[in-house]
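Colleague: I am new to reading protein models, and I would like to go through this one slowly with you. Could you show it to me first?

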Amino acid sequence: MKSRVTPYLQSAPAMLWLGLFFIVPLVAIVSISLMTGNPIDGYTLTWNFSIFPEVLDQYSPQLGRSFLYGGISTLLALVAMYPVAYWIAFHGGRWKSLFLFLLLLPFLVSFIIRILTWQFILSDEGLVLGTLKSLGLIGDDAHILSTPTAVITGLTYDALPWMALPIYVALEKIDRDLVEAAGDLYASGYQQFRRVILPLSAPGVYAGILLVGITNIGDYLSAQILGGPNTTMIGNIIQTQYVQNGDYPVASALSLMLMLALLVCVFVYARVFGTRTIQEYS
Amino acid sequence: MRETAKDLRNDPAWIRGMTQPRLSRRQVLKGAAGAFAGLGLAQFIAACGLPGTKDTGWEEGFDWNAWWKEQKQHDELNIASWPLYIDTENGRHPSLERFSKKTGIDVKYSPVIQDNASFFSQISPVLQNGQSIGYDVIVMSNGWQLTQLMQNRWLIPLDHSRLPNFRKYAGTVATDLGYDPDLTYCAVWQAGATAIAYDERQIDGPVDSLEILFDPKYKGKVGMLSDPDELGTVGLLALGIEPETSTYSDWKKSAELLTRQRDQGIVRQYYDNGYIKALQDGDLAVTQAYSGDIFQANNAGYPHLKFVIPKEGGVLWRDNSVIPYHAANPVDALEWINFYYDPEIQAIIEDWVNYISPVPAAKPIIANQLDDPAVADSPLIFPSEEELARLKEYPMTETLETHEEWVGLFDPIIQS
Amino acid sequence: MAGRGTPDTARPVRARPWTRFVLPTYVFAVMAYTLVPIAVMIVYTFNKAPNQRLTFSWHGFTTEWYSKLFQVQDLTQALFHSLEVAVISSIIATALGTPAAMALARRKFRGRGLIDLVVVTNLTAPTVVVGASLLGFFIALSVPRGLLTILIAHVAFNVAIVIIVVQARVSGLDESLEEAAADLGAPPWVAFWKVTMPLILPGIFSAFLLSFALSIDDYIITSFVAGQTLTFPLWVAGAVKVGIPPQVFVMGTLIFVSGVLIALASLVLQRWGDHGDTVRT
């Protein structure tokens, strides 16, 4: 039938593109991070490995914070969206796709517009706080913007569809007969869920967590627009170092460390929780 | 069927899986091959290194007078500026249209500059390569990026003989430049003052001192700017230090003051321009602010926001039209600069932009011919001599070392 | 062969009060929550704006911004840039990714693991890192940054998305259909075009839409590689500092509305695809 060479030919164009415009730049980052110099005299490769501990030392608060905010927002998104995905998959009936689209609809609008409206919604006398204050539920001094809460809210909000999708896909694939069989074996509704549905949906959950976690940990826009002092994330630092300070080695070293940290998490995760490729469930 | 998590720990298969070596020999070899390839690639890229900016500008001693004599008008002009920084009516720019009509020059106006640092990072590699950035006039604020442009000799010196309007009408705002005292490169487009803005509804009584920014009474409702130049300078002013003659130990004192302010929780956030929204929304009681923003806010339904230059002083910054090296149409650029220094044209522009005008003669024109006393009489647009006297400039950091010292002190406060 | 049953027609999980009332209410609450910013946006497109800059204080109702939609030339140009890049990069990404997805879904071949790794790395790489590395790459090679570099970057991240989506679709297909066509004398190419292609078309279309959406909305990567060219998100982010014109919200609203329409159309297409899927031998 098809020759043995076909799959290579089929994947070649995509791989070439990714190889040239993704892999090579990443490798270049490794190289740049080991350079020393300044904008005036230029940079040369000096195998300056000491930049890694230096950078880690200086920016460990931001790195830690990124993982913290990323982690919390991921967890929140998970808790919020699992029931939604579950309901659509199991009780959506004929309108499943419609509900799914309704869920994804707001994310058609440019992300920047959404964040701006959040700025307004969360402002001190805005929709949320204004109402709460006039009801006397919180003090007049309370503010959400410029606090970690605002940043995490922004991160969680953007994560919702990305968390819902993989979970939904995984739940969709579950053979209903299995659930039914469990019921026939005297499992209560709750038990059906806990022992059949939940574990079978695990790959979707893991995919969602990875997708959302990685995006959120590396994010900088939420922190920039909704955050305040002491909410700076590693993404902000990388952006500043690259664009404003032009300090390429530091920025590259930071990028590399972020990426390695994430890859380590991914592999540990995949190792401990299952070896199926993430692809199948995202 | 998949076991639930609880059972896995007792599952012999799982235990086996977890304890056995995961990598087969082939995988290790593949991994090693990959790593070597990667490193080899890195070496290859590294051999090129990243070039610096030294000696990439025009040569010292170049005879610009002779060069200018040879240049001709090409009837084309490319301007890069900031968004919403030129008169706009229904999507058109009347001042530019009048310019085209008068000189026959076809103008392309690109409001692509959103902040000095990111714009500079875009054009710097191009200039480094000795190529044109595609613009004949760019508008840069005074600061480290403009300093670098000047020091790298990436700007074309202006031919003032072709700028009669500048000579006749430019006010001290345009001629008294600490960063370019001989007016070699810069023709001010607009200027602005950075000082204090406060919400009348939240703060009683006259506000006339920088102390209010450091007052714990307004904890969590004070805004500061995230530009290290602005932040560092306000610290110096608050300590009564003249920015233009300040030294490194002065800067350290400023940093200490600002760090204390932050640690006390007084600062709500360090804003680039977003403070105006926060102020409008009532999230801030007082903040560092730019004059133009407050003027526009007053007109947009927020008359309770007041701008004041405190007794310790404020900062006068300028946005300068400069001609980048390798610009294709330098004569046309000069024509434009000369054109907008004409008071009548400046009046049109100023009436819309609402920052500080470099042409005092535009004031009566706005008051009478354009019938806009709100703009003409505003001290935010035509400040008095006394007010101008209280405005200082940022300390100039003239070398990479001093710049890094400055930034090294204030960046950590902004981005903790 | 045990019937898997499409979920639509399967016997539902037993309904109980928990699932009948609490859950649906929660779900709709969440959906409403996601729509709050959109609602705010739509409301403020009808707000008068004295300075031609969007303000959140209410000045009165007007529909003028809809008629003056293209007045801010640079915004309009930025929007067109975004659309151009989105369409072209999605087409290229789909063209590159679909064959790769087919190869990955169908056959086991030696390079497979490596390709999987590259795709996963691409998806999981933080956008800041991808953007920054591409910028460094273009600088080192003196490639001028503009529409072309934006396009290149967008194709790069979209290809991985396309591969994932199409692969999921292809792996759900019954290969026996193609084999049947072959048995009936159709050469492989014809079998592909006439049998497989229509079946995976909805998947390809979804992949295209997804990459389109991601491309139009991309901020971080684009901000690094765009040079002075502006796309819609970049323009808006820049204009935020001086005040965005109301047209921005109007455009957002229109994009939202057209998204709804396209989504509905795609829904209809998907239903056609589903019918093809469940043909039983």
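Colleague: Of the contacts in chain C with a separation of 6 or more, what share comes from residues 24 or more positions apart?

Modeller: Please keep in mind that this is a predicted model. Chain C has eleven helices and zero strands, and 54% of its 281 residues count as buried. Among its contacts with a separation of 6 or more, the share that joins residues 24 or more positions apart is 73%.

Colleague: In which sense do strand β2 and strand β3 of chain B pair?

Modeller: Strand β2 of chain B covers residues 76-80 and strand β3 of chain B covers residues 106-110, and five bridges link the two. From β2(B) the chain crosses through helix α5 (residues 94-103) of chain B to β3(B), in a β-α-β crossover that is right-handed. One of the bridge pairs is L77(B) with V107(B), and the sense in which the two strands pair is parallel.

Colleague: How many residues apart in sequence are the parts that the pair E60(B) and R153(B) ties together?

Modeller: Side chains of opposite charge can pair when their charged atoms come close. Here E60(B) and R153(B) meet in a salt bridge, with N to O at 3.8 Å. E60(B) sits in the loop between β1 and α4 (64-70) of chain B, whereas R153(B) sits in the loop between α7 (144-151) and α8 (164-169) of chain B, so the separation in sequence of the parts they tie together is 93 residues.

Colleague: Is D199(B), which meets R201(B) in a salt bridge, buried or exposed?

Modeller: The side chains of R201(B) and D199(B) meet at 3.4 Å, N to O, and R201(B) counts as exposed because its relative accessibility is 58%, over the cut-off of 50%. The relative accessibility of D199(B) is 0%, and because a value under 20% is needed for that class, D199(B) counts as buried.

Methods
Residues are numbered from 1 along each chain as its sequence is written. Chains are lettered from A and ligands numbered from 1 in the order in which they are written. This is a predicted model: local features need pLDDT of at least 70, side-chain atom pairs count only at pLDDT 80 or more; totals for chains, interfaces and linings use all residues. Side-chain values use heavy atoms; hydrogens and water are left out. Two strands pair if DSSP finds at least two bridges between them. Helices (H or I, at least four residues) and strands (E, at least two) are DSSP runs, numbered from the N terminus. A crossover is right-handed if, with the strands pointing away from the viewer, the path from the first strand over the helix to the second runs clockwise. Buried means under 20% relative accessible area, exposed over 50%, partly exposed in between (1.4 Å probe, protein chains only). Contact means heavy atoms within 4.5 Å. A salt bridge is a side-chain nitrogen of Lys or Arg within 4 Å of a carboxyl oxygen of Asp or Glu.
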